[in-house]
Amino acid sequence: MRKITINPVTRIEGHAKITLQLDEVGEVATARFHVNEFRGFEKFCEGRLFTEMPNITPRICGICPVSHAVASAKAGEMIMKVTPPVAGELVRRLIHLGQHISSHALSFFHLSCPDLLLGWGGDPARRNIVGLAAAHPDVARRGIRLRQFGQEISERITGKKIHAIGIVAGGMLQPLTEEAREALRAWVPEARETVRLGLELLARHCAEHADEVRDFDRFETLYLGTVGPEGEHELYDGRLRFVDARGGMLADQLDPARYLDWIAEQPVEWSYLKYPYYRPLGPERGVYRVGPLARLNVASRMKTPLAQAEFERFRALAEGGPVHGSFRYHQARLIETLGCVEEIELLLDDPRITSDETQAQARRNQAEGVGCSESPRGTLFHHYVTDAGGLLTGVNLLIATGQNNPAMNRSILDVARRHVRGNDISEEALNRVEGAIRCYDPCLSCSTHAVGSMPLVIELRNARGDLTGCWARGTGG
Amino acid sequence: MARQYEMIMRHSRNSSGTAEPPRTDTRYKRIAAAMQKHQCRPDALIEILHKVQDAFGYLPMEAVRFVAREMRVPPSRVYGVATFYHFFSLKPKGKHNCVICTGTACHVRGAQAIVNEIQQQLGLRPGQTTADGKLGVQIARCIGCCGLAPAVVLDDQVLAKVKPGEMVETLRARVGGAR
Amino acid sequence: MRKKLATVWLGGCSGCHMSFLDLDERLLEIAQWADVVKSPVVDQKEFPEVDVVLVEGAVVNAEHEEEIVLMRRRSRVLVAFGDCAVTANVPSMRNAWPKEVVLRRSYLEVPGTVEGRVPTEEVAALIDRVRPLHELVKVDFFLPGCPPSADLIYYVLTELLHDRVPVLDEARLKFG
Amino acid sequence: MLGKLDEITARVRQRSQEYRLKLQVCCGAGCLSSGAGELLEELKRAVAAQGLEGEVGVVPTGCMGPCNQGPLVRVSPDDTMYEKVVAGEAAGLVECHCGRGEEVRAKLLFSGGEGPVCERASEHPFFRLQRRVALENCGVINPESLEDYIAAGGYRALYHALTGMSREEVIAEIKQSGLRGRGGAGYPTGLKWETVYKHVSAEKYVICNGDEGDPGAFMDRGILEGDPHRVLEGMAIAAYAVGARKGYLYVRAEYPLAIKRFELAIKNARAQHLLGSQVLGTEFQFEVEIRVGAGAFVCGEETALIASIEGRRGQPQPRPPYPAERGLWGKPTLINNVETFANIVPILIQGGEWYASIGTPKSAGTKAFALAGKINNTGLIEVPMGTTLRQIIFDIGGGVPDGKRFKAAQTGGPSGGCIPEEHLDVPVDFESVVKLGSIMGSGGLIVMDESSSMVDVARFFMEFCMDESCGKCVPCRVGTKQMYDLLHRICEGRGTESDLALLEELAPMVKETSLCGLGMTAPNPLLSTLRYFREEYLALIPRRAEGASVGPSAHQP
Amino acid sequence: MNEIVSIQLDGNELKVELGRTILDVCREAGVDLPVMCYLEGLSVVGACRLCVVEIEGSPRLFPACTTPVAANQAIRTQTEKLKRYRRMIVELFFAERNHVCAVCVANNACELQDLARRVGMDHVRFPYLFPECGVDASHPHAVLDHNRCILCTRCVRVCDEVEGAHTWDVMGRGHASRVIADFNEPWGSSTTCTSCGKCVQVCPTGALWPKAASMGNLRKEPGKIGELVAKRKLNA
């Protein structure tokens, strides 16, 4: 037996690595994705006041802080038994959509485009956003600006791009000013064009590399996402829908507050990331995926016309059933981004959004609260239990990337089995394995996240664990 | 902190409300008399707390509440004073008490070894009392018997030039061999 | 002379890196002065010498402890990048409990957990206390903020990459 | 009234003349804990049994000094002292010395040690090099007997002051004496009295500070236990001089014997009109109350002590206003420590000029020291200012036991510092000790030998200061904690050179910015050990990994 | 009116009234001295030591808040040493408890946070002590978080001196000191607290805050106490 260790996210960043265990004949027996990072929010939030959580939990992740803030605020609202005023909700939605845009833009333009446009076999040292800027300045610039638009929304409202101050239990502290509304409106056409460009790039890539795309893992899982009352795609305030691998409805319109009835988590010895599964089907058959691919697989439709058109094209890939190929995450991400831009435009046009009445005040009115929102990487749950004074006595956080963990492991295994054989590990094999992870855009700060190039090292180990060989990529060695 | 807090809370609940301390208890009578002597002047607070500790061996919360009420001193002030001075204890001490002097002279002559030995052999750290309440171990900053260093005060008796092993044996003998 | 710049991420939320990306088009300007070595190499032997390294995050586990020492050795200027690196910030909130208690909560006690167990294999062991960088290595420059704004990052990087010493005056210096 | 004092004196003297021999048994705290109480009774029994009752008196006294050798018995007027006399040896001793007139050579003081043994105790260097002024009655008279005190000349100074001196004259005498506060800071006592005197107020207070908190110091204990009336009389004189009618003795709860004896002294003095409304038949009135401390070193600080007497947390106040101006209950208050008050009576009796002639020009008089640590003759001594440490440690103290090498002397307790061998010949006075990086302090003197780790000593004192910090001001509250943690790290072998650098940066800040003396002096043991024994610190610091260090910020704006 | 004397403040000649404190004089002269424990309207405790100044001819440092001016004093308020010491004191504050500005309700409304910027504290060199501190949320309207308490005792003083309730005091000593309500009981069960909210207003950090507040909308008005006390004096 040999063991191969891959560190896609370098040892220096040290958050995650992959090990491949080979059997006697050199076939991949197991593939494991190890998350190295643990910070302990579930414990150290205990003893804090529940109203502080919308400012603490964003520190779980700097890429999707708004989703955490929103989930926290919603859990707080359940504890207070209060609903934010309309303007509060609309502004919050706006920021939330902005975050989806910036996160998705980051994933596609900053992280994936270098691969797509510079080629999988390009010089790893240049395969990053800077290298992209040199080779395709327009694409890079537009990608950067799309992300900037998303960040700008938060800044225009709260004064801060990351870890915004103002998302509170009960609504928002700040209204949207007329000035901000106009400034943001001005961005919309450009943003829409950039997403379209992204979709075109992706479509071209898929056409040129049809085999590769098809070849990417296509194992089947269940899907979880939130949907609106009519089953429409909904990021901010939907109810849970599970579909099975054939697209059949497993459960629909579930109250997120009862997430524990549907989702269980199993820790493993070898990763800080747990193995969640769809509880009624158990750990083996209950593997599900979340995130853009899942959301598009569970949704009956998109809320906006342009996104809907893309959605229909997307679903046609699988004749209306779920699209399983994880490479299609990229596409789903861009479709969502398009939907976000459209929805932002609608929100900015809503006359109610600039009202000063953005926050509802209330005290703690019940002990427990669950907040749920869709983060860019998937469905997010915050679950708080408070004492009489409002101090947290129990905190449970179910994070998007965590829910993709079983699927990511399966994806790696899937890819590795096809491309890794014995001692002969090709450059391409490394890329494939890495690519399998990147499809999910795993947020490993919510687990970890790599920015830019991801040099790999593979260590071959014999059965006793002694190092017998080492391949490194991205360092010229 | 939290644990301590809880403990104190339990005390306060036991004695909260209108439940008067047992006036018939002669100890309370003595405390009341001392307060009378000082006309309940707030400046006598420390003197009175000394009396309480004399009477009970420590400062029971009930008695502390009683003092605050009778002397009309704000509760937080009484508690602040009671916890400022190390001589006062809000916890009952042991039936037997072993006070290890850790003054300079005793320190350079090996007081720490006594503390360590007691901790290792009897499992008692300074400030702790055995579960059965038989033996309490404390440390003192300096008992002014530097000529006798290292010195230990066992039940008000000063032991001079104490050797760690012998000290443990003495303590075992004092509490009847109980660990 | 083009500089070599690295950015590294230890125990933090990546928010500082996101703020770095908020440089937006100024990223390309930075790229004119420095080769951005964004994800340095795995193997310690191959960690390149760099002129400036921005280190985000606190020292949370045993691997971070080794990494920060290595990075110090290979970097001319080491910048504690953001509050976690400077003060240990939010990750240090766990220091109020023994690490075992914190792990037990997340892997054995939280609701919904089935067959709870604390991860011990192939994962970096937590250290007893989360610490800021300067408790382990010499830090040349401190850039507080949660996260530091892109403008601030731009200012500091511009100065450092031009061999000047950035000055955080009252207007630029802020925790939180 | 003077007649009454004379009458008592005559009576006591006559009674003691009846005795051919007097067996004085040291009943200081040290000897008591070695069995002096039992010995006293046994001696009385032996005297009675051997039919010597009329000619041999057995009397308890306060601390005689060599605490290490207790229980001690002195035979007067033979000037013979016996050491380590256990109760079982009483009969033999009485029979031999009192009966047959033979000295018990094997039990002579210091015969168990390595140094000289003298038949006449006063010829032994331990006593010969001492000059007992504040302690003159300690170990001589029965501390529980007012009559003994009066017979030793007691309360005459008070009478003299009340009847023959104006308040200004008293203060002038004290000023002339050059007496400086014996509590540690060495502020001129006369000036202090004058300041309180000059502040006009219907109410003023005199406080005797007996909160001897320095670990390793027991001079005040010795005095309070051995000669309580001396302190009481000194307080009364001070009260007359500054215009106070009420006094407090603030004493540690750890000194129950001192409390008991002082209480008795107050009671007896009141009964003889030496306290109360018409003291010694004059218009002067003076009451004294005892306030028992409750275990807080910081209460040695004047303003904290006042807070404690007022029944509050013993936290110091910023000065100004000084207690002399606004002290107890906001009234002008004089605070001196026990030893200072014990010096007042001899100054008034023999004159300020006399007192000033003892000691050095800037530090007049004598100073009591408590010798302890790695030294042969531990105990309580009093020497003229200007005596060298070498004389104190090697001649009086008999040097370091077990053939070990002397390393350092620690003076001034947690506020002081360590003085190494090379400075032992410096004459001890307020200024010179400060120059060496220590302070005179209240008189605790701890000797360290080569086996003592000076870093450990620094940590010990820092832990003390950290525990005793009242928590009011930030530099002391947090600074002592930080310094302790850093020292602890170094002691445990986990320190770095930058820890040392941090310590050296923090210490001066704490020293200069703390609110009261505790914080201002807390870094002293650290700084002085760093000054003289830096290599011990460095030896504890492991060679650190390359690049791993903590340094002061390179780029401060 | 007291005697007028002349002093030198950072090299500038000034005529000032005897009996006033150096801090008063500095404020009037526009010299910016940092303070934490000092608050107009409350008794002066001189505990934070931030306002220490140098007076020529004395080796000691003097807290400006308690030291009265004297004729011909030459006062220095901004020497390098003072700046260094002040920065160190602020570092000690931060190292003492668990101040996490990023998630504190008082973020952007905190005197301690502002102080750090003013004295140029870019990091804390001293090891963080990470003490175990509780949060008391038992009061219906406000929260006490010991993690953020700097023991300035403004709350203790305002409660005693202005409100007259003396709910707050300090227990323990040294670095173990903690602000307590009554007999170290949950604030919400205090029998002396009048819920006047003054303590919350004067608290310089996020240690005391109204439950309804969130990061971003916390506004404290410690200055109100000075005004209140002044008005009372006028009326009396």
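**View 1. The salt bridge of Glu185(E) and Arg65(B).** In this predicted model, the side chains of Glu185(E) and Arg65(B) meet in a salt bridge at 2.5 Å, N to O, the term standing for a side-chain nitrogen of Lys or Arg within 4 Å of a carboxyl oxygen of Asp or Glu. Between chain E and chain B the count is one salt bridge. Residues are numbered from 1 along each chain as its sequence is written, and chains are lettered from A in the order in which they are written. Local features need pLDDT of at least 70, side-chain atom pairs count only at pLDDT 80 or more, totals for interfaces use all residues, and side-chain values use heavy atoms, with hydrogens and water left out.

**View 2. The contact of chain E with chain B.** Chain E gives 20 residues and chain B gives 21 residues to this contact, where contact means heavy atoms within 4.5 Å. The two chains bury about 1,700 Å² between them, 63% of it on carbon and sulfur atoms; buried area is the accessible area (1.4 Å probe) that two parts lose on being put together, summed over both. In chain E, the residues that lose the most area to chain B are Arg173(E), Phe183(E) and Asn184(E), together 41% of what that side buries.

**View 3. Thr191(E) in its loop.** Thr191(E) is found in the loop between strand 9 and helix 5 (198-202) of chain E, helices (H or I, at least four residues) and strands (E, at least two) being DSSP runs numbered from the N terminus. Thr191(E) counts as exposed because its relative accessibility is 72%, and exposed means over 50% relative accessible area (1.4 Å probe, protein chains only), against under 20% for buried and partly exposed in between.
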